[in-house]
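Please keep the structure in view while reading.

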Amino acid sequence: MTDEGSPSGGGRLTRRGVLALGGATLLAGCGALNNPLKPDPVELDGESIARIADREGPTVARPLPVEVADTHVSGSRERAHAMLAAAPLPLTADDLPNGAMREEIADRAEHAREHLAEAVRATGTRERLELLAHARGPARAVEAAWATVEGELTAADVRSARRSVRDDLARFREERAFVGEDPVRAAVVHALVGDWLRDADNDLDRDRHGGGSEPITPLTVGERASEVEQARATLADARHVDEQFAASLSEARSLEATFADARDSLASTIDSRMADKPAEEADLSDLVDDGGDLEGTVAGAALRELHGELPYEGEFVPETELPGRILWQVETLAQIGGFETLRERVAAGDHRTVESAEDVAALRRAAVTAVEDALAESADERLARTELADLAGWLDYAARDLRRYGDGPVELDRLADEVGLFLQIEVVADAVPDAVDEALAALGAE
């Protein structure tokens with residue numbers, strides 16, 4: 001099974017806010033929230049806004065251009081169920097007198113079941129694998145806590161298992177090579193494998209924060225075992241995808257030099273695009289003429305957020321391997337493009353006051369349309385999906401925040417940041433096809 005071209009919900013959210021205003025028709029419905037000529041603040045019906053935000057949005061699967069064996073997926077699922085079945089749930093006072101421990105173990109079991117149910121509903125293989133790995137963590141916590149109660153598992157056993165998984169991870173890293181045929185497909189696959197390996201590393205490192213000072217109880221042994229199990233699951237997924245990818249190649253060749261050249265080319269493009277941008281410490285009033293009038297508005301909130309996320313020197317750059325850096329550069333170019341578009345349109349006065357829930361609905365519709373159009377118009381869907389999945393996820397993020405205002409009237413300026421997300425999504429999505437073109441040229445895959 002493969003995720004190539006298949007939709008699925010969700011996806012991880014990036015550290016960046018997504019950026020601001022887009023399509024000329026949509027801009028007819030965005031911009032200043034408060035009309036400075038009106039003495040009283042404009043109010044919207046919070047319940048209507050919450051309903052608008054909860055409308056169905058686009059689902060964009062993160063790319064996984066590799067055939068994943070059904071047996072690998074089912075094996076991960078079966079392991080999670082087997083670990084849950086190892087404890088006589090629900091535990092009784094006779095099983096475990098400590099009520100707080102029983103409750104915690106029950107919570108971990110419920111957590112695992114929730115992820116298992118989400119994995120059944122997931123339509124994308126990549127998402128399903130990640131959900132199953134997350135289910136196996138708390139399922140192992142249940143199994144290990146009960147085994148500790150029964151005297152069948154010790155903290156030393158878990159430490160030994162952690163060392164074993166860490167050794168397996170190190171060996172796999174040593175054996176890996178950035179090989180492929182199609183540089184885009186290879187970049188996407190190797191970036192995913194690298195992300196999963198980093199996730200496994202993080203799980204294995206979590207015990208270091210406790211400094212060994214926490215008391216040893218069934219719960220702490222279970223929690224440490226949970227971390228090891230999730231790392232084991234994620235490493236297994238990474239290894240399987242890497243092996244399946246290698247087996248699919250007719251004539252594998254090293255692409256490390258190709259990736260390095262692409263990274264350097266895209267870095268140069270980013271530096272060039274950033275050369276004329278306002279200083280990192282610039283205020284809203286410095287970003288556009290009469291920028292002071294944008295205070296408290298949707299356009300102002302989105303412009304400020306977009307500017308704050310520009311890749312100034314010394315700003316956050318992910319600790320990732322070459323393929324992952326290239327995908328991050330695609331995201332960065334789209335965000336720069338979003339800022340440029342928003343700044344130009346605001347400077348031209350191409351926005352209007354939001355005065356009704358329908359104005360907010362128009363902004364959201366345009367954001368949805370922009371994501372869908374960008375997916376259709378990008379020269380390579382695999383590169384586009386990497387960023388567009390994040391943007392689709394931001395619609396859920398905005399909905400979560402806007403639900404807070406569902407109990408009654410709300411002043412517009414209180415919604416500026418949340419509604420501004422719709423503008424950010426639209427503008428960044430509009431910039432994705434050009435960012436993809438830049439990446440294809442850098443990779444020599446035009």
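The crossing of α13 and α14 is left-handed. The model is a predicted one. Helix α13 covers residues 357-377 and helix α14 covers residues 381-402; their axes cross at roughly 165° and come within 9 Å. An angle over 145 degrees counts as roughly antiparallel, and α13 and α14 are therefore roughly antiparallel to each other.

On the α13 side, the residues that meet α14 are Arg364, Ala367, Val368, Val371, Ala374 and Leu375. Their partners in α14 are Glu381, Arg385, Leu388, Leu391 and Leu395. Sorted by class, this contact has eight nonpolar and three charged residues, and no polar ones.

A second pair is formed by α11 (residues 298-308) and α15, with axes 8 Å apart and an angle of about 70°. That angle makes α11 roughly perpendicular to α15. Here the crossing is right-handed. Val298, Ala299, Ala301, Ala302 and Glu305 of α11 meet residues of α15, among them Ala416, Val419 and Leu423.

| Pair | Angle | Axes |
|---|---|---|
| α13 and α14 | roughly 165° | within 9 Å |
| α11 and α15 | about 70° | 8 Å apart |

In soluble globular proteins, nonpolar side chains tend to be buried together. The largest nonpolar core in this model has 130 residues, and those touching the most other members are Val241, Phe259, Leu303, Leu388, Leu415 and Phe422. Helix α15 (residues 416-443) gives the largest share of this core, 15 residues. Beyond its neighbours within four places in sequence, Phe422 is in contact with Val360, Leu363, Arg364, Ala367, Leu395, Ala398 and Leu402.

Conventions:
Residues numbered from 1 in each chain as written. Predicted model: local features only at pLDDT ≥ 70, side-chain atom pairs only at ≥ 80, totals over all residues. Heavy atoms only, no water. Axes fitted to C-alpha atoms, helices over the stretch in contact; angles between N-to-C directions. Helix = DSSP H or I, 4+ residues; strand = E, 2+ residues; numbered from the N terminus. Parallel < 35°, antiparallel > 145°, perpendicular 65-115°, else oblique. Left-handed = near helix turned anticlockwise from the far one by under 90°. Contact = heavy atoms within 4.5 Å. Nonpolar A, V, L, I, M, F, W, Y, C, P; charged D, E, K, R; others polar. Core = buried A, V, L, I, M, F, W, Y, C linked by side-chain atoms within 4.5 Å. Buried < 20%, exposed > 50% of the residue type's maximum accessible area, 1.4 Å probe, protein only.
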